[in-house]
Amino acid sequence: AQKFIEELNRIQSKYTYRLPTEAEWEYAARGEIPSSFPYSFGFNDTNELDNHGWYAGNSGARTHAVASKKANQCGLYDVHGNVWEWTQDRYGDYPKTAVTDPTGPATGLLRILRGGAWSYIAGNLRSAIRFNPGPGSRDSSLGFRLVRSSR
């Protein structure tokens, strides 16, 4: 993902791209839905999850084209399932006190993935779920979403 971003930034003149922080990812996934609700559409409703994401219960054991389900409140597709999404932050504990736009530890080997994937049960697609595989991890359930800023 980082090599792709480096090349994209090299050839782009109008925008700069990067992975989102974990906090940015969760904010974008939730929209205006309070953290007491597990999904970006609100309640713990697997029937509604079928309309928003791909998971073990509906994926047919494979990934699917982006935007083939409903978007969330922010207009983003596939924040629940299809593929786990890399974030910029390294794995570590959440801050002990309230923090606005926190970032992960400055050092560490493991990075955070968010969103769940096509091969996971519905409960693992909640907005707050995080996963931390090693940097060399590769399989069909991993992907990424980019943040774009004007240069």
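Me: Which side chain makes a polar contact with the side chain of glutamate 26?

Reply: That of arginine 30, at 2.8 Å. A polar contact is an N or O pair within 3.5 Å; within protein, one atom must be able to donate a hydrogen and the other to accept it, and residues adjacent in sequence count only if both atoms are side-chain atoms. Keep in mind that this is a predicted model: local features need pLDDT of at least 70, side-chain atom pairs count only at pLDDT 80 or more, and totals for chains, interfaces and linings use all residues. Residues are numbered from 1 along each chain as its sequence is written, and side-chain values use heavy atoms, leaving out hydrogens and water.

Me: Is glutamate 26 buried or exposed?

Reply: Buried, because its relative accessible area is 18%, and buried means under 20% (exposed is over 50%, partly exposed in between; 1.4 Å probe, protein chains only). Glutamate 26 lies in helix H2. Leaving aside neighbours within four places in sequence, glutamate 26 touches Tyr94, Arg114, Ser127 and Ala128, contact being heavy atoms within 4.5 Å.

Me: What is the strand order in the open sheet?

Reply: Strands of a sheet pair through backbone hydrogen bonds, either parallel or antiparallel. In this model the four strands go E4-E3-E2-E5, with mixed pairing. Strand E4 (130-131) and strand E5 (142-144) are the edges: each has a single partner strand, so one side of each lacks a neighbour in the sheet. Arginine 114 sits opposite arginine 130 in E4. Helix H2 (residues 22-30) packs on this sheet, touching E2, E3 and E4, and its direction makes about 140 degrees with that of E2.

Me: Which residues of helix H1 are buried?

Reply: An α-helix has 3.6 residues a turn, so residues three or four places apart point the same way. In H1 (residues 2-11) the buried ones are Ile5, Leu8 and Asn9. They span an arc of only 95 degrees around the axis, which puts them on the same side of H1. Strand E1 (15-18) is part of what covers them. On the face turned away sit the exposed Lys3, Glu6, Arg10 and Ile11.

Me: Where is proline 95?

Reply: In the loop between strand E2 (84-90) and strand E3 (111-114). Proline 95 is partly exposed, at 42% relative accessible area.

Key: Helices (H or I, at least four residues) and strands (E, at least two) are DSSP runs, numbered from the N terminus. Two strands pair if DSSP finds at least two bridges between them. Axes are lines fitted to C-alpha atoms, for helices over the stretch in contact, and angles run from 0 to 180 degrees between N-to-C directions. The arc is that of the directions from the helix axis to the C-beta atoms.
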